[in-house]
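Student: I would like to learn how to read a structure that is new to me. Could we go through it slowly, one feature at a time?

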Amino acid sequence: MRRSETTETQTDTPVKKFRTESDRKLRRSYIERQHENVDSLINCVMKNIGFHHGKPIAAFTIYKCLLHWKSFEAERTSVFDRLIHMIGSAIENQDDSDLMAYWLSNTSALLFLLQQSLKSGGSNDATPVRKPPNPTSLFGRMTMGFRSSPSSANLPTPSEVVRKVEAKYPALLFKLQLTTYMEKIYGILRDNLKKELESFILLCIQSIIESFNTILCTMKENFVPPVLVQKIFSQTFSYINVQLFNSLLLRRDCYPFSNGEYVKAGLAELELRCCQERRSMLAHLGMSSSTLDRQR
């Protein structure tokens, strides 16, 4: 009897060791495959892979991969840190407005998808009521604009691509970090335009139009959401107003009536060109002016 027990004990122990070692190998293999998958994704989206029907391919590729890998539901994962690091590296050349516009389009699109998809854990309701973004923040105003007219944001309606998931802490942190980067890129693109205009403002109002046309075409080509385009231009106009007013106060040669008429004529021409571009953009998007005004 003792011999039998000894024999069973001796045969059981190697089996347990084998299973443990097998589990370790399987887990190691799974982790290695995950790293390879993330490497492939980053190598793909870190390049400018363009747009499809006005939608940024990189943003939708990242979102679909994260859904497929169930990264949003993971308690621990390195994929979000690697994506944030990739975006930070991609926008190091801040003087490249085309690059900034490309990543502004992608980060804003990805944020929109996350906003519609992620819900905090701890709720049994299949469609919980989420606290809306603060409308006074840039992302809050952008999201409200997207909701009022998804087509104007070059984005699909949520039901086309979005799946609701219970988001864990890494996913929610990723959303916050992505928001920060989107606002940073927005600020860089706006400041690049201000920097380019600074020397022109003191010379002649008409010189500004070429800069406006260039940056507008750049943002159109990269399908930057109109709500962000409008905000950049409105803030830039405020900047121009301040600079012009200060110039008029500090330069005595601007005091004569004839110089005031010259500035007025230049501003009128600039306003006319901006209105024409605005109508052209609205016609291209199939929107009315009242629709775009509600997104401000």
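Tutor: Let us begin with contacts: two residues are in contact when heavy atoms of theirs lie within 4.5 Å. Please keep in mind that this is a predicted model.

Student: Which residues does F72 touch, not counting residues up to four places away in sequence?

Tutor: With those neighbours set aside, F72 touches Y63, L66, L67, F80, L114, L118, V165, E166, A167, K168 and A171. F72 also belongs to the largest nonpolar core, which has 63 residues, and F72 is listed with L66, L83, L104, F174 and M219 as the members that touch the most others.

Student: Which elements give two or more residues to this core?

Tutor: They are α1 (2-45), α2 (57-68), α3 (79-90), α4 (97-117), β4 (165-167), α7 (169-201), α8 and α9 (226-250).

Student: Is T218 buried or exposed?

Tutor: A residue counts as buried when its relative accessible area is under 20%. T218 has a relative accessible area of 14%, and therefore T218 is buried. T218 is found in helix α8, residues 207-221, and, leaving aside neighbours within four places in sequence, T218 is in contact with S97, D98 and A101.

Student: How many aromatic pairs does the structure hold?

Tutor: The structure holds eight aromatic pairs. Y102 is buried at 1% relative accessibility, and W103 is buried with a relative accessible area of 3%. Together with F51 and F223, Y102 and W103 form one aromatic cluster.

Methods: Residues are numbered from 1 along each chain as its sequence is written. This is a predicted model: local features need pLDDT of at least 70, side-chain atom pairs count only at pLDDT 80 or more; totals for chains, interfaces and linings use all residues. Side-chain values use heavy atoms; hydrogens and water are left out. Helices (H or I, at least four residues) and strands (E, at least two) are DSSP runs, numbered from the N terminus. Buried means under 20% relative accessible area, exposed over 50%, partly exposed in between (1.4 Å probe, protein chains only). Rings of Phe, Tyr and Trp (its six-membered ring) pair if their centres lie within 6.5 Å; planes under 30 degrees apart count as stacked, over 60 as edge-to-face and the rest as tilted. A nonpolar core is a set of buried Ala, Val, Leu, Ile, Met, Phe, Trp, Tyr and Cys residues joined through side-chain atoms within 4.5 Å.
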